Amino acid sequence: MDLSARVRALKPSSTLAVTARAKALKAAGVDVISFGAGEPDFDTPAHIKAAAIQALEQGKTKYEPCAGTPEARQAVARYMTTRHGLPSGPENVLISCGGKHALYLAFMAVIDPGDELLLPAPYWVSYPEQARLAGATVREIPAGVENDFKITPEQLEQAITPQSRVLVINSPSNPTGTMYSPAELKALADVVARHPSLIVFADDIYERLVYGEDPFVSFATLNPAVQTVTFNCLSKSYAMTGWRIGFTVAEPGLIKAMDGLQGQMTSNITSFCYPAVAAALDGPQDEVEKMRQAFAQRGAHIHRRLSSLAGIRCPRPTGAFYVFPDISEAVFGKLDPKGRLLDSAAAFAESLLEHAQVAVVPGEDFGGPDQIRLSFATSLEQIDAGLDRLEGYLASLKQAVSR
Ligand SMILES: Cc1ncc(COP(=O)(O)O)c(C=O)c1O
């Protein structure tokens, strides 16, 4: 069948591809150690599960309002008001099928063909693809390893054109694990404030998983002159990736527009999941804290070990559960055990999986061609075993002889 130009231009998600490949190898009996997963290795806290189980047993199995039940929208509004200091009501909230669909709806709601997405690179793989589906062109703003993968206000100012419509800020970041300080974010917000047609999409989904010196601040609170759309979800903070619960917080006009789009696409999310929203956001946070501490410990450990490897440069992770080491110096131009030239992160990731049975995600699709992403949402033992293999593999590489 002939497929649309839109679909033909679409890049499949490389993170999902690596995770699927590692799972398939494991299922075939291969002893793979995977750093691919973008999800916590913890279970959803019991009181959140109980809320959904009770709703199911009470027969909450019918259509609900597309934007979410009033209680769930209210819970999100309360959370934004009290935790983040962003006064919000239910009219500011739309609940969608994960943070991913929330972002897609927002791109569809504000982008016209020819508009530009300003995208600090490295970035999460779905931003450029979603924006292009909405008709945008993508202007990357490169942020290097030397600046912990963060852009400067000067870079932002220079990148803005009359077509610039959306700037994505994702702090803490997937894939880099680094985050902006409140002062750095404020400086970016002050630049945006001078360009009133520019909208900031603040992807805050890792806001609870923060363990550096800097606290998290909600971008939407930094400068009242900036139009900000905030995205969040229960997926990462509450170990609920499979539940598919995300939300958008924005001015009511945009929420209405996204509600209209959602009404023609998915309608409401699974109805008996709504009570889980208040259970998660209003309930005890001790399990979240346990996860946060585990990620802090693992992040420090994996960073220490990676930094000890010759030629690997790795900013210290301070949020989320990823590291994004630069491997160009240690790897590019070398030959793997089969004599193949390693000239890209993709070639490296493939060879590492084949020869050392370690799965990592190559950085190309994140806009970081010199890096690989390792998720440390896995035990310390697995991290050590995987890094032992990585170390052995790196030692086996030979310098290519230039002729
Ligand atoms: C930065 C970022 N934004 C959004 C999402 C989407 O989250 P969800 O699983 O809730 O759709 C992810 C998931 O990996 C992410 O890393």
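Two residues are in contact if their C-beta atoms, placed from the backbone, lie within 7 Å. The structure is a predicted model, in which local features need pLDDT of at least 70 and side-chain atom pairs count only at pLDDT 80 or more, whereas totals for chains, interfaces and linings use all residues. Residues are numbered from 1 along each chain as its sequence is written.

**View 1. The overall fold of the protein.** Among contacts in the protein between residues at least 6 apart in sequence, 72% join residues at least 24 apart. The secondary structure comes to 14 helices and 15 strands, where helices (H or I, at least four residues) and strands (E, at least two) are DSSP runs numbered from the N terminus. The protein is as compact as a globular protein of its length, because its radius of gyration of 21 Å is close to the 22 Å that the globule rule gives for 403 residues; the radius is taken over C-alpha atoms, and the rule is 2.2 Å times the number of residues to the power 0.38. Along the principal axes, the C-alpha atoms fill a box of roughly 65 × 55 × 50 Å. Of the 403 residues, 49% count as buried, that is, with 20 or more other C-beta atoms within 10 Å of their own, C-beta atoms being placed from the backbone.

**View 2. The shell around the ligand.** The ligand has 13 residues around it, of which Gly98, Gly99, Lys100, Asn174 and Cys233 come nearest; a residue is near a molecule if its C-beta atom, placed from the backbone, lies within 6 Å of it. Helix H5 (residues 98–110) gives the most to this shell, with three residues. By class, the shell divides into three nonpolar, eight polar and two charged residues, with Ala, Val, Leu, Ile, Met, Phe, Trp, Tyr, Cys and Pro counted as nonpolar, Asp, Glu, Lys and Arg as charged, and the others, Gly among them, as polar.

**View 3. Strand E7 and its partners.** Six of the seven residues of strand E7 (residues 227–233) are buried, so the strand is largely enclosed by the rest of the structure. Strand E6 (residues 199–203) pairs with E7 in the parallel sense over five bridges, pairing meaning that DSSP finds at least two bridges between two strands, and valine 200 stands opposite threonine 228 in E7. With strand E8 (residues 246–249), E7 pairs in the antiparallel sense over four bridges, and here phenylalanine 231 stands opposite threonine 248 in E8.

**View 4. An open sheet of three strands.** The strands lie in the order E9-E14-E13, with antiparallel pairing, and the edge strands, E9 (322–323) and E13 (361–362), each pair on one side only. Two bridges join E9 to strand E14 (residues 372–375), and tyrosine 322 has serine 375 in E14 as its bridge partner.

Terms used
Buried ≥ 20, exposed ≤ 12 C-beta atoms within 10 Å, placed from the backbone.
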